[in-house]
Amino acid sequence: MKKHNFSAGPCILPQDVFKEASQSILDFNDSGLSILEISHRSKDFVDVMDEARSLVLELLNLEGKGYKVLYLQGGASMQFLMTAYNLLENKAGYFNTGTWSAKAIKEASAFGEVIEVASSKDANYNYIPKGYKIPKGLDYLHCTSNNTIFGTQMKEFPKVDSPLICDMSSDIFSRQLDFSKFDLIYAGAQKNMGPAGTTLVVVKEDILGKVSRQIPSMLDYQVHISKSSMFNTPPAFAVYTSMLTLRWLKKLGGISAIEKLNEKKATLLYSEIDLNPLFKGFAATEDRSHMNATFSLVNEDLKETFDAMWQEHGINGLNGHRSVGGYRASMYNAMTIEGIAVLVDVMSDLERKA
Ligand SMILES: *Cc1c(COP(=O)(O)O)cnc(C)c1O
């Protein structure tokens, strides 16, 4: 039985993408060769890379605005380091809104002064800080748009005079934003755009080349730009599968269409969390994420019963992260409203039985 996968990442991808990707493992483009065995320099693969890049600019509405798209390796975690390596000369500002932000701060601290502009650590990151003051003269300001572990999401982004960098690993392509407000966006593919193994970087070229240190080639954005993400062998299958997911999204009507669906999904689940007296939400209501909903049972004695019920209904990956506990339902783009309805039904069933 196909499961309803609520995992936080790696996670659900569209069923059609799984089908096409598996077909291409056997025979890619009727070439008699597998996508796994063709040269990354072959025309077939160069076309994949080109399309994967142009779909990103098209979907984010960033065409002709000075941005370059890179498909790199090392995960979003490598970007914690790479952003600072390439851009931090004196001081940078960071929002500390969760585990991933804190890790980004730790990596950047090796390269210059890091100013924590705002933090929600005092409340185990259950809200997005507001009313902060941003210092002048920063090399950049770094934020995390969606806090995957805690289930909070930034609804507004600060206006700054310095470059704005955003880790969008867990909500890229899920909602409309003015993406041109950001100078560098990065995202590990495995949350909302593809399989693990590649990391998307969208960078405005004019912010690069300003630090005085020497940057190792593999960590230098300008090197990867000049080689069109093929400085070394790219993670070909991960890029290919990401491209298929982006094609799927475009066919569906792009970000504005998926955003409407994501809103419906989130509303359905959060209404149940709020109305069902057996459950309580973790994140502050106004900061709730449309991608990862965190909640728990009011009475932990019901845990065994509830866990058995959702597992019986083919639900997978609902356990919360150890730093929050309870449950986390990830509702990425490929999750259907029917999938959410299965979970909501199980939750209301529990209320009837308890
Ligand atoms: C998962 C995640 C990361 C880490 O991604 P890796 O690709 O595993 O390094 C970083 N930031 C956010 C917001 C994430 O959700």
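1. Of the 354 residues of the protein, 54% count as buried. The model under review is a predicted one, and the points that follow should be read accordingly.

2. As regards overall dimensions, the radius of gyration is 21 Å, which agrees with the value near 20 Å that a compact globule of 354 residues would have. The C-alpha trace spans about 65 × 55 × 30 Å along its principal axes.

3. The secondary structure of the protein comprises nine helices and 14 strands. Among contacts with a separation of 6 or more, 66% are made by residues 24 or more positions apart.

4. The accessible surface amounts to about 15,300 Å². Carbon and sulfur atoms hold 50% of that surface.

5. How many aromatic pairs does a search of the whole structure find? The search returns 15 aromatic pairs. One of them joins Phe279 and Phe306: the ring centres lie 5.1 Å apart and the planes stand at 65 degrees, so the pair is edge-to-face, the cut-off for that class being over 60 degrees. This pair connects distant parts of the chain, with Phe279 in strand E11 (residues 279-281) and Phe306 in helix H8 (residues 303-312), 27 residues apart.

6. Are Phe279 and Phe306 buried or exposed? Both residues are buried. They also belong to one aromatic cluster, whose other members are Phe295, Trp310 and Tyr327.

7. Leu36 is located in the loop between helix H1 (15-26) and helix H2 (43-59). Its relative accessibility is 55%, and Leu36 therefore counts as exposed, since the threshold for that label is over 50%.

8. Where does Ser77 lie? Ser77 is part of helix H3, which covers residues 75-87. Because its relative accessibility is 40%, Ser77 counts as partly exposed; this label applies between the limits of 20% and 50%.

9. A further point concerns Ser77 and Gly188, which are separated by 111 residues in sequence. In space, the C-alpha to C-alpha distance between Ser77 and Gly188 is 8.2 Å.

Conventions. Residues are numbered from 1 along each chain as its sequence is written. This is a predicted model: local features need pLDDT of at least 70, side-chain atom pairs count only at pLDDT 80 or more; totals for chains, interfaces and linings use all residues. Side-chain values use heavy atoms; hydrogens and water are left out. Rings of Phe, Tyr and Trp (its six-membered ring) pair if their centres lie within 6.5 Å; planes under 30 degrees apart count as stacked, over 60 as edge-to-face and the rest as tilted. Helices (H or I, at least four residues) and strands (E, at least two) are DSSP runs, numbered from the N terminus. Buried means under 20% relative accessible area, exposed over 50%, partly exposed in between (1.4 Å probe, protein chains only). The radius of gyration is taken over C-alpha atoms; the globule rule is 2.2 Å times the number of residues to the power 0.38. Contact means heavy atoms within 4.5 Å. Accessible areas come from the Shrake-Rupley method with a 1.4 Å probe; for residues, only the protein chains shown count as cover.
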